[in-house]
Amino acid sequence: MNHFRTRFLNFFKHHILSPQLDRMDRWEQSVVAMPGATCGAEDSPVRFNIPREAIKLEGDHMPLPGFPGSAPQMIGSITNIRKSIYDLAENPANGEKEIDPQTLSDLHHYAKSVGADEIGFSSVPQAWVFKGLTIRYTQAIVLVMEMDKARMNLAPHPETAVMVHETYNQLGQVANKIAAWLRERGYAAHAGHPLGGMALYPPMAQAAGLGWRGVNGLLITPGYGPRVRLAAVFTEIQNLPLYEGDEHAWVLDFCQSCLRCIRDCPPGAFYEAPIQHPNGLVTVLDNHKCFPYFAVNHGCSVCIKVCPFNQQGYAKIKAGFWHINPE
């Protein structure tokens, strides 16, 4: 049985998954070649490609967390990544650059109606685009989708991994639907899929007022804590209502007094002192420690599971924090 499993896994890695990843690379590189697209800067972060890194790992493991239950969701995500890029050909040549209040209100309602739990708006600097990758436009409609709490609280568990891929797939569909909705109204749009993506979503979401990044690098949201996935729809619209406040900034102060995610991380992958980069970005996690454990333990997610913002909720923690730390 072990011999058969090893042969199957090797076949899956090298003859099914790897060729599909090669196709995805070609789709993404086709955007790089488009005139006017914004490429990552020399000091931009390099995207950590989870499936490719899993293929490289030694040992008898499945490079797709939650397999086989997650396989249909992964196929759906790949299909939607392809659609997000191929649909760029449908963009108007001279798209609308401003949005009126009624259409903006309709956008909010439509996004919620198709499954986004929260939306916000952000500009995207070049430093947030992954090195070697590209976004078509630099204004972002940032999307938040909740992950199921009951299955998250099982982590690390196959059901958690399946649920995560379900969320990726569903949010990818939402991004494509919103991009199509915008095109129908004369706006150019580029749907950014939550799986991988071409740019960093957490700083976009923080800039959009949707939450604040904690010590684990994850966005902590008022509604769902860190139990979310993020995506974006990039557009040319120049008058989106950008957020200018910092009402969630206290989250990092609480995180630094808590550190539960760092203490409970099974492979001890968080840096004691985050790495501050000249471009303003911060690295909090050593992927070389995190990923081998992640790959063989159902996509882990322990740092999300144990977070007090997941277990107790944003409002309860905020009330207690401000009681102890009044302004």
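The largest cavity is lined by 14 residues, and E28, G192, H193, G197 and M198 lie nearest its centre. About 100 Å³ of space lies in this cavity. This is a predicted model, in which local features need pLDDT of at least 70, side-chain atom pairs count only at pLDDT 80 or more, and totals for chains, interfaces and linings use all residues. Residues are numbered from 1 along each chain as its sequence is written, and side-chain values use heavy atoms, with hydrogens and water left out.

**Cavities**

- A cavity here is a set of points, on a 1 Å grid over the protein atoms alone, where a 1.4 Å probe fits but cannot get out; lining residues have an atom within 4 Å of a point.
- Grid points are joined across faces, edges and corners, and a volume is the space filled by probe spheres set on the points.
- Counted this way, there are 2 cavities of 30 Å³ or more.
- Helix α3 and strand β5 (189-192) each supply at least two residues of the lining of the largest cavity; helices (H or I, at least four residues) and strands (E, at least two) are DSSP runs, numbered from the N terminus.

**Salt bridges**

- The whole structure holds 13 salt bridges, each being a side-chain nitrogen of Lys or Arg within 4 Å of a carboxyl oxygen of Asp or Glu.
- R151 forms a salt bridge with E166, with the closest N and O atoms 2.7 Å apart.
- Because R151 lies in helix α5 (residues 149-152) and E166 in helix α6, this pair ties together parts that are 15 residues apart in sequence.
- R151 also forms a salt bridge with D148, where the closest N and O atoms are 3.7 Å apart.
- E166 is buried, at 19% relative accessible area, while R151 is partly exposed at 22% and D148 is partly exposed at 33%.
- Through shared partners, salt bridges join D148, R151, E159 and E166 into one network.

**Nonpolar cores**

- A nonpolar core is a set of buried Ala, Val, Leu, Ile, Met, Phe, Trp, Tyr and Cys residues joined through side-chain atoms within 4.5 Å.
- The largest has 45 residues, and V124, M204 and F234 have the most contacts inside it.
- At least two residues of this core come from each of α1 (2-32), α3 (71-86), β4 (139-146), α6 (158-184), α7 (201-207) and β8 (228-235), and α1 gives the most, with 6 residues.
- Apart from this core lies another, of 24 residues, including L104, A116, L171 and L240.
- Leaving aside neighbours within four places in sequence, V124 is in contact with V129, I135, T138, A140, M204 and F234; contact means heavy atoms within 4.5 Å.

**A hairpin**

- Strands β9 (residues 270-276) and β10 (residues 282-285) pair in the antiparallel sense over 3 bridges; two strands pair if DSSP finds at least two bridges between them.
- Q276 has V282, in β10, as its bridge partner.
- The hairpin has 5 residues between the strands, and G280 takes a positive phi near 95°.

Methods:
Buried < 20%, exposed > 50% of the residue type's maximum accessible area, 1.4 Å probe, protein only. 1 Å grid on protein atoms, 1.4 Å probe; cavity = no way out; pocket = protein on both sides within 12 Å on 5 of 7 lines; lining within 4 Å.
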